[in-house]
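Me: I'm new to this one, and I'd like to know where the labels come from. Could you take me through them?

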Amino acid sequence: MNRMKITFTLTQTNKGISYDIQVSHEQRIKDTLQILRENLPMFADVSDVDYVIDADSGKNLSTEDTYGTARVYSGAELLIN
């Protein structure tokens, strides 16, 4: 099984905080956000969100999707509003 890793930037737009993250393309976006809330003080106040935004395309990506399903690739920037 191909366990591809992707590296992308997650930006919390209301604070102007960005963080580079590496995850498996099989991980759900929602799970990443939960892990960040629990482990990084800068993301502690991020509430459950249904969508993140792909900075390049402007598309809303469901947090229920995996990165592979959402077609998030290395070098992407995802925005949390």
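This is a predicted model: local features need pLDDT of at least 70, side-chain atom pairs count only at pLDDT 80 or more; totals for chains, interfaces and linings use all residues.

Me: What makes the lining residues of the largest cavity count as nonpolar, polar or charged?

Reply: They divide into seven nonpolar, one polar and no charged. The sorting goes by residue type: Ala, Val, Leu, Ile, Met, Phe, Trp, Tyr, Cys and Pro count as nonpolar, Asp, Glu, Lys and Arg as charged, and the others, Gly among them, as polar. The lining itself is Phe8, Leu10, Ile29, Thr32, Leu33, Val52, Tyr67 and Leu78. Residues are numbered from 1 along each chain as its sequence is written, and side-chain values use heavy atoms, with hydrogens and water left out.

Me: Why is it called a cavity, and what is its volume?

Reply: On a 1 Å grid over the protein atoms alone, a cavity is a set of points where a 1.4 Å probe fits but cannot get out, and lining residues have an atom within 4 Å of a point.

Me: Why is the pair of Phe8 and Tyr67 called tilted?

Reply: The structure holds two aromatic pairs, and in this one the ring centres are 5.1 Å apart with the planes at 35 degrees. Rings of Phe, Tyr and Trp (its six-membered ring) pair if their centres lie within 6.5 Å; planes under 30 degrees apart count as stacked, over 60 as edge-to-face and the rest as tilted. So 35 degrees makes the pair tilted. Phe8 sits in strand β1 (residues 5–12) and Tyr67 in the loop between β4 (60–62) and β5 (77–80), so the pair ties together parts 59 residues apart in sequence.

Me: And what makes the pair of Tyr19 and Phe43 edge-to-face?

Reply: Their planes are at 85 degrees and their centres 6.2 Å apart, so the pair is edge-to-face. Tyr19 is in strand β2 (residues 17–24) and Phe43 in the loop between α1 (29–39) and β3 (51–54), 24 residues apart.

Me: Why is Arg71 called exposed?

Reply: Because its relative accessible area is 62%, and exposed begins over 50%. Arg71 lies in the loop between β4 and β5, and its phi is near 60 degrees, a positive value in a residue other than glycine.

Me: What makes a set of residues a nonpolar core?

Reply: The members are buried Ala, Val, Leu, Ile, Met, Phe, Trp, Tyr and Cys residues joined through side-chain atoms within 4.5 Å. The largest such core here has 20 residues, and those with the most contacts inside it include Phe8, Tyr67 and Val72.

Notes
Helices (H or I, at least four residues) and strands (E, at least two) are DSSP runs, numbered from the N terminus. On a 1 Å grid over the protein atoms alone, a cavity is a set of points where a 1.4 Å probe fits but cannot get out, and a pocket is an open set with protein on both sides within 12 Å along at least five of seven lines; lining residues have an atom within 4 Å of a point. Buried means under 20% relative accessible area, exposed over 50%, partly exposed in between (1.4 Å probe, protein chains only).
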